[in-house]
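Biologist: I would like to learn how to read a model like this one. Could you take me through some of its features, one at a time?

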Amino acid sequence: MEANQHFLCGVVEGFYGRPWSMDQRRFLFRWMQNWGLNTYLYGPKDDLKHRLLWREVYSPEEEGQLRTLITEAQSRGLRFVYALSPGQDIVFSSPCDLTLLKRKLRQVSDLGCRAFAILFDDIDHSLCQADSEAFSSFAHAQVTVTNEIYCYLGEPPVFLFCPTEYCGSLCSPSVQKSPYLQTVGEDLLPNITVIWTGSKVVSRELCVERLAEVESVLQRPPLIWDNLHANDYDSRRLFLGPFKGREPWLRGHLRGLLLNPNCEFEANYIPLHTLASWYRAGSQESRDEERDYCPDRALSAALRDWMEELNQPLRAGRQRAPADQRSSRSETPDRSGRTSPFRGTPAVAKLPVFPLNSSSPPPSPTKSKGGEKRQPAQAENRAPASGHKARGRGLLSEFQVRLLVSLHYLPHEHGPSAQKLLRDLTWLKSNCHLVSANNKKSSPQKVDEWRGRASDFLSLCEDIAQLHCSVVGGANRAVLYDLYPYVWDLRNTALVAKAFVCWLDGRVLHDSAASASWRNCFRLCGETAGTDTPPGEESEPWALKGGVSGEAQMLLPIGSSSELFTHPPPLFPTSRLYNIRPYQSKDKVELYRMVRQLHLRSQCAREPPAASHPDVVGDRCLGACLALCPEYCFVLEDELGPCGCISGILEFGSFVKRCQASWLPAMRDKYVPDGGHENTQNLIKLMEEDQGEYPDSLLYHFPSQLRLDALPELVDVSVSRTLLVALLAALKANGSQGVFCEVQPTDRQRLEFLTKLGFLEILRGEARSREGLVMARLL
């Protein structure tokens with residue numbers, strides 16, 4: 001290890017977002033010691049006293065925490081590097097600011113720290129008037145202050161400087177011709193190391209030629225601040241893939257390499273494990289099988305070790321769950337603000353921690369006013385709901401962990417399962433004319449090919465849903481806390497995509513004119529979704545946000561409406577397995593029972609007299625849609641059966657005419673005045689009024705109508721939003737440009753549900769409310 005100490009390799013906690021806790025850092029140091037890494041750089045952007053309030057010294061309590069952290073790192077053979085970011089508001093020519101900077105770093109030095117970094121990244125490239133008069137350039141000001149601080153601290157053996165132009169894409173006009181970098185190279189003291197991220201902020205690869213160019217300009221080998229696994233620029237992405245795109249022999253051209261990983265601590269096991277494998281490759285101490293670094297082989301080794309970590313009974317913040325609390329205790333979320341980055345064990349309780357039991361609080365089976373019980377016993381004699389697989393809860397399987405990693409791989413590259421998911425969805429969308437409702441020319445072989453590929457796609461979506469349930473039901477709450485938002489987001493996207501692919505078969509309308517086809521509206525994204533960025537055309541990974549979820553979203557007809565797909569996860573996760581699918585005729589009885597239950601609850605009514613027909617509520621709420629346009633009805637189900645539904649009407653004007661011609665006469669025959677049913681005439685009158693009269697101007701812009709229902713005990717409201725998205729995708733696919741939903745002010749339960757759902761907020765464009773109507777454009 002002594003020879004390797006000259007090459008700094010380890011971790012930089014330098015992301016934007018909530019800093020790690022003290023407990024998490026202790027676990028990090030343990031990992032680093034076990035794997036042979038040697039350097040930790042402390043520099044979380046959201047530590048106020050690191051960046052925004054850099055002039056303020058640490059309080060006695062914070063001093064104690066920082067001293068403990070430094071001592072812990074050094075006791076494990078790690079070099080602790082303390083970084084400060086004064087660049088946002090420092091006045092370089094101010095003696096006062098320079099004194100405050102020295103005071104702050106002297107305080108940390110007195111705590112035992114012997115390595116430092118001054119960071120001038122992500123700041124405005126300009127000087128105030130006083131500095132412009134004192135220095136010849138922005139670089140000159142930074143270098144002057146950095147040199148003075150370096151000398152003041154006694155020229156420590158490790159002193160890092162992060163320039164404002166810290167990657168090739170930020171250099172003006174280029175790396176070789178940048179006046180800024182030339183000044184840094186010429187004037188910065190030779191023993192100060194310069195930080196570099198590569199050709200980009202997030203570099204797909206590091207190559208010798210470009211590093212040699214940087215080394216020539218800086219007149220020293222740089223230290224790589226590697227953002228390969230950083231995810232602070234996209235709230236929907238996580239990177240669990242191996243360290244890749246950096247050959248081990250690059251070390252000969254570098255002072256070191258520090259990985260700036262995911263904000264979520266638990267997501268960094270594989271990135272750091274494989275970084276350590278890379279670091280060991282080629283060293284004199286490495287075994288023969290380690291001399292040639294192979295990312296896939298390193299990933300397999302990391303996966304084997306991570307499997308043990310994943311099934312440890314840990315609470316959020318890496319606290320071990322007491323044996324008597326692992327399956328029964330729930331922790332109350334508290335979103336109180338953070339005051340210190342040095343959070344110890346007591347502060348972990350302030351995290352919005354999820355319950356420790358294997359599933360979320362189950363819906364109560366008690367009977368509400370006028371309601372009906374919905375218990376597992378109802379499903380005992382019924383086959384499992386369509387699309388569900390039997391599963392066990394508890395340990396994550398190796399298949400599921402590999403799937404998890406593949407779906408959250410690397411910023412410029414998806415894993416095999418993710419590539420297959422996007423490739424199949426692209427193909428199914430592009431060839432949906434083979435199974436369209438009005439296309440009779442497709443050969444049986446082509447239809448079978450489409451359905452076979454659709455079956456594979458649906459199976460993968462079910463695996464994603466099972467993965468979500470296993471993560472929520474696992475023993476490791478620390479992993480759940482960090483990974484849940486990403487697994488949940490992908491689960492919801494898979495639910496929509498699965499429902500949409502099922503709907504395409506026999507329901508989508510094929511337009512013979514290619515220019516008018518709905519598939520043409522996202523041809524630009526459809527042709528490239530799921531493909532990797534070509535090596536010669538490297539771009540920053542935030543060019544296309546959302547990762548696998550975002551690319552799958554863009555393959556849907558309403559994919560550009562990001563508001564439909566971005567919303568916070570539920571506070572209490574549930575391991576209940578949900579499914580969304582097109583309506584089938586066998587669902588009618590269950591859906592009628594459900595809307596009857598909802599009606600009785602909303603009216604706070606008692607059970608109606610026996611003379612009342614059991615179909616009254618169902619016929620009024622759903623009957624016409626199920627009979628006349630069942631292709632625009634979707635069912636939400638869990639393990640017990642249907643728990644929600646949504647019905648839509650593509651063209652409301654023509655639908656009303658069909659109702660008057662066939663549906664209402666059928667209802668008059670069903671509910672005849674002498675048939676023993678009370679208030680029959682009032683019922684028929686209400687059904688006629690339900691059709692409504694809307695101005696042509698409204699129906700021109702919003703031709704489609706929808707109705708959404710879900711049981712009140714639904715734990716995860718987001719699946720109702722997903723149900724809504726599935727219908728909107730179907731309506732848009734067949735040409736709708738806008739929808740409306742009528743909500744009467746007296747219908748308190750529906751108003752509360754739609755408000756909780758965030759109906760207005762998630763719809764794009766002209767979403768507004770007028771006289772009980774909620775409208776949204778789908779253009």
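Biologist: How many residues of helix H15 (residues 547-554) are buried?

Modeller: Buried means under 20% relative accessible area, exposed means over 50%, and partly exposed lies in between, with a 1.4 Å probe and protein chains only. By that rule 7 of the 8 residues of H15 are buried, and the helix is mostly covered. They are Gly547, Val548, Ser549, Gly550, Glu551, Ala552 and Gln553. Please keep in mind that this is a predicted model, where local features need pLDDT of at least 70, side-chain atom pairs count only at pLDDT 80 or more, and totals for chains, interfaces and linings use all residues. Residues are numbered from 1 along each chain as its sequence is written, and side-chain values use heavy atoms, with hydrogens and water left out.

Biologist: What do the buried residues of H15 pack against?

Modeller: Contact means heavy atoms within 4.5 Å. The buried residues of H15 pack against helix H10 (398-407), helix H11 (416-430) and H13. Helices here are DSSP runs of H or I with at least four residues, strands are runs of E with at least two, and both are numbered from the N terminus.

Biologist: At what angle do H13 and H21 pack?

Modeller: Axes are lines fitted to C-alpha atoms, for helices over the stretch in contact, and angles run from 0 to 180 degrees between N-to-C directions. Helix H13 (residues 477-507) and helix H21 (residues 718-733) pack at about 35°, with their axes 9 Å apart. Their crossing is right-handed, which means that the near helix is turned clockwise from the far one by less than a right angle.

Biologist: Which residues of H13 meet H21?

Modeller: An α-helix has 3.6 residues a turn, so residues three or four places apart point the same way. Among the H13 residues that meet H21 are Trp488, Arg491, Asn492, Leu495, Val496 and Ala499. On the H21 side, the residues include Val725, Ala726, Ala729 and Ala733. The contact divides into 12 nonpolar, 3 polar and 1 charged residues.

Biologist: Now the strands, please. How many strands form the closed barrel?

Modeller: Two strands pair if DSSP finds at least two bridges between them. The barrel has 8 strands, running S1-S2-S3-S4-S5-S6-S7-S8 with parallel pairing. Neighbouring strands of this sheet are turned by 25° against each other on average, direction ignored. Strand S8 (residues 256-259) has a partner in strand S1 (residues 8-13), joined by 4 bridges, and another in strand S7 (residues 223-226), also over 4 bridges. Leu258 in S8 stands opposite Gly10 and opposite Trp225.

Biologist: Which way do the residues of S8 point?

Modeller: In a regular strand the side chains alternate between the two faces of the sheet. In S8, Gly256 and Leu258 point one way, Leu257 and Leu259 point the other way, and all are buried.

Biologist: Why is S3 described as largely enclosed?

Modeller: Because 5 of its 6 residues are buried, S3 is largely enclosed by the rest of the structure. Strand S2 (residues 39-42) runs parallel to strand S3 (residues 79-84), and 4 bridges join them. Tyr40 stands opposite Phe80, and Leu41 opposite Val81.

Biologist: Is Gln705 buried or exposed?

Modeller: Gln705 counts as buried because its relative accessibility is 14%. This residue is found in strand S14 (residues 704-710). Leaving out residues up to four places away in sequence, Gln705 touches Ser647, Gly648, Ile649, Phe652, Tyr694 and Phe740.

Methods:
Nonpolar A, V, L, I, M, F, W, Y, C, P; charged D, E, K, R; others polar.
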